[in-house]
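Please look over the sequence and the model before reading on.

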Amino acid sequence: MKLVILDGYAENPGDLSWDALRKFGELTVYDRTDLTDTDEIIRRIGDAEIVITNKTPISRDVFDACKTIRLVAVLATGYNIVDIAYAKQRGIPVCNVPAYGTDAVAQYAIALLLEICSQVGHHSAAVHAGRWQSSDDFCFWDTPLIELAGKTMGVIGFGRIGRAVGRIAKAMGMRVLACGSRPTDEGRAIAEYVAMPELLRQADVVSLHCPLTPQTKNIINRETLSMMKHGAILINNARGALLDEQAVADALNHGRLYAAGVDVASVEPIRAGNPLLTAKNCFITPHISWACKECRERILQATIENIAACLAGNPVNVVNP
């Protein structure tokens, strides 16, 4: 049996081992594959039976050209890069890795918020540059320092990650509001469920944790921004396309939003012309909420288990059953 990993570097830049996958057969690993070159994708898959991908698209054309494919294993929770309907038509299961990074992604959302409120990185750099040594006072600060206790956190999308963010916010003394498709008892213990317009009106901080769907694309736009508190903070480490990025940049530049912290962009890697790059008080990191070693170890282990279960005739985590 042949296995191919099309874009393994983000999952394993060298601190993990692929060896456990070799028990299934002959393994070929590519660090990166051109996402736009279907011919290259087809060549690299060749006659492999198990295709492992993270962001490399597996389209109808790829399935038609690579007739030996028996399984597609996605090294992520999102699987929009695979034509799952056509895979189902061909009888090919597509497996993902759900819930590998709930705590880490929630932690990162709060890290973005804390950086905005305290700007630890900026002030540490200022101290190392000698500014504290030359200060006339025993302390100095360049930016407003914001206390979160007593403020309101609004979480849009109150699934596993949203609830984890809510728990942390509540532990910091924040009031938590949530909107989500299915209120639960667990959620009610953390937050008060409200309609989205009410959440936007009341929240000092709005944090996005909903999936990207046709309904949620550009969920934060000029209209919804106009509902938000003047000077609110926006956090997005879910999906870049949840934001109308130009509208958010305009809100930042005109002071409607105090700050934004984002770990994702509508096109990744981020393009030079993205308006958030030049927006005021916008903190941007390169889609790394998921990337701690612990998360990546769980992704790899779950992928191994997905493949083993499928080969044993009892597939799990199948997104196109």
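## A strand-to-strand pair

E192 is partly exposed, at 41% relative accessibility (buried means under 20% relative accessible area, exposed over 50%, partly exposed in between; 1.4 Å probe, protein chains only). E192 and R175 form a salt bridge, 3.2 Å from N to O. The term means a side-chain nitrogen of Lys or Arg within 4 Å of a carboxyl oxygen of Asp or Glu. This pair links distant parts of the chain: E192 sits in strand β8 (residues 192-193) and R175 in strand β7 (residues 175-179), 17 residues apart. R175 is also partly exposed, with a relative accessible area of 36%.

## Basis of the model

The model is predicted: local features need pLDDT of at least 70, side-chain atom pairs count only at pLDDT 80 or more, and totals for chains, interfaces and linings use all residues. Residues are numbered from 1 along each chain as its sequence is written, and side-chain values use heavy atoms, without hydrogens and water.

## Other salt bridges

The structure holds 14 salt bridges. R222 and D250 meet at 2.8 Å, N to O. R222 lies in helix α9 (residues 222-227) and D250 in helix α10 (residues 245-253), 28 residues apart. Helices (H or I, at least four residues) and strands (E, at least two) are DSSP runs, numbered from the N terminus.

R22 pairs with D19, with the closest N and O atoms 3.2 Å apart. A network of salt bridges links R163, R167 and E186.

## Helix α4

Helix α4 spans residues 102-118. Its buried residues include Y108, L112 and I116. Q119 follows α4 and has a positive phi, near 50°.

Note on methods: Expected span 1.5 Å × (residues − 1).
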